[in-house]
Amino acid sequence: MPQRFDLVLRGGHVVDPANGTDGARDVGLRHGKIATVSERIDDEVTDDLIDVSGRIVMPGHIDTHAHLSGPFDQSGMRAYGHVMLAESGTTTALDLAGEPGALAEGMKRRGAGMNVATLLGLVPHTTIKEDDPSIGTMRDVVSDALLRGSIGVKLLGGYHPFTPESTAQVIAAANEQLAWVAFHVGTKDSGSDLNGLREVPEITGDGRLHVAHINSYCRGLVENNLAECDEAFEIIESKRSQFVTEAYLAQVNGTNGKCDEDGNLIYNVAQNCMRARGYPTTNAGMRQALLDGYGGALTERGGRIVIVTGEEAVRIWEEKSTDASLSFPVNPATSAFTLTTAKYDDGEFKIDAVSTDGGSLPRNVAIERTMALVKFGALSLSEAATKLAYTPSRMLGLLNKGHFSEGADGDVTVIDEQTGRAKMSLVNGEPIMINGRVVGSGGTWLVTAEGEKTAGSSGLPYEVMDLEQSKLYAGWR
Ligand SMILES: [Zn+2]
């Protein structure tokens, strides 16, 4: 008897670098898994069929840097990120400074059917008791974070920097427990820029680290931005087997406009946004920058977060007593291009993945901008799939994702060849987005073995990750 399929994606341009596939194929799915990829599957052996001719069919985009919850997200705005990310074609996301309880709640309320893991954001006096946590404190914070369903922790050096010593303790405590640890660079000795990145090798020692959004340290604040890219590459290469990295392709960043009692911007990232265009790093400077339309404020419209500018932006920022999410176009396109396309001599990409740093931040352009690089001739289609799906799957140790081998998870992103935008995506063989409309809900919570109990009692479907399989911890023990 011929094998039967639940669904066949007919006639797309299938790109699966792990299996060397790059051409017209049919994809057969059964029980939520990839059952076969072949030249032609008979109509009679499938219960459902979708014609995807004229479309690119690749393993689902795995976003290694997104925002879907947060320890400082009182309004729950970040949960809107599920729909925003799924609309752009992402199927799996790592929530890079989250709060596991808030993530689970947000996924139930506004989930879009993606697979989602979260890292606990380390915010003094909110998620950790001390300003500069000791290794003893961090051991407890990490094990508690894992129990509560986070897969690790995120150091928010651009907002809540620790001393270099304390930062090193955080990394060591996470490494000991094989927990994920991501670092938005910057300590009390440096900042969220190339100087912050320069400290990272010494801070990491012989440990393992996810160095977040490399593009954020190549904005031309310390040196010329392309010289910064070159130095960033040298730094990453010096710890090539210890770091995993990503860069995003949006021009706009995300920051917070909070000012202290004296009217000075308190966060380094926001200060840098002002410096980049010669505005004072003060309340008055920020007001002018918003009025001039240089940056904008984030607000909810129709179930999505959008950026508004001018007087409306100032009003939102003031209503929140300056503690508002803002956005500035500070990422140079030349840095994005250089960081995304650079390879080592052995053919491996210097930066592992294309992320969004989006979700609830309206810049979920990883897929369409990567496809623009394909159109431009800077990446092949197979390289695009490598950066959007295959390498991210290895980064996270999600070995059943990122490829279309028989038995792999049925996570698929279907992209319009003309526009480069995702038209459909599937998770576990079920569509979660069709023609830009999200049809999925909830989601699968990705946790470590320590978080299984919490995930099990949440009522959400969950899967257990084994970070020992991740590129981050390859050869660690
Ligand atoms: Zn981020």
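Guide: Leaving aside residues up to four places away in sequence, serine 393 touches Ile62, Leu398, Leu399, Lys401 and Gly402, where contact means heavy atoms within 4.5 Å. This is a predicted model, in which local features need pLDDT of at least 70 and side-chain atom pairs count only at pLDDT 80 or more, while totals for chains, interfaces and linings use all residues. Residues are numbered from 1 along each chain as its sequence is written, and side-chain values use heavy atoms, with hydrogens and water left out.

Serine 393 sits in helix α12 (residues 381–396); helices (H or I, at least four residues) and strands (E, at least two) are DSSP runs numbered from the N terminus. Its relative accessible area is 0%, so serine 393 is classed as buried (under 20% relative accessible area; exposed is over 50%, partly exposed in between, with a 1.4 Å probe and protein chains only). The side chain of serine 393 reaches the backbone oxygen of tyrosine 390 at 2.6 Å. Histidine 403 is 10 residues from serine 393 along the chain, and their C-alpha atoms are 8.7 Å apart.

Lys401, one of the residues that serine 393 touches, pairs with aspartate 411 in a salt bridge of 2.8 Å, N to O. Here a salt bridge is a side-chain nitrogen of Lys or Arg within 4 Å of a carboxyl oxygen of Asp or Glu. Aspartate 411 and lysine 401 are both buried.

To their contact, domain 1 gives 26 residues and domain 2 gives 25 residues. Between the two domains about 1900 Å² is buried, 65% of it from carbon and sulfur atoms; buried area is the accessible area (1.4 Å probe) that two parts lose on being put together, summed over both. Of the area that domain 1 buries against domain 2, 26% comes from Pro17, Met58 and Val438, more than from any other three residues.

The interface of domain 1 and domain 2 holds one salt bridge by the rule. Glutamate 368 and arginine 421 form a salt bridge in which the closest N and O atoms are 3.8 Å apart. At 29% relative accessibility, glutamate 368 is partly exposed; arginine 421 is also partly exposed, at 47%.

On the side of domain 1 that touches domain 2, β1 (7–16), β5 (55–59), β19 (412–416), β20 (422–427) and β21 (430–434) each supply at least two residues. The largest share, four residues, belongs to β20.

A further salt bridge joins the side chains of arginine 55 and aspartate 416 at 3.3 Å, N to O. Arginine 55 is in strand β5 and aspartate 416 in strand β19, 361 residues apart, so that distant parts of the chain are linked. Aspartate 416 is buried at 13% relative accessible area, whereas arginine 55 is partly exposed at 24%.

Definitions and conventions: Polar contact = N/O pair within 3.5 Å; in protein donor to acceptor, adjacent residues only side chain to side chain.
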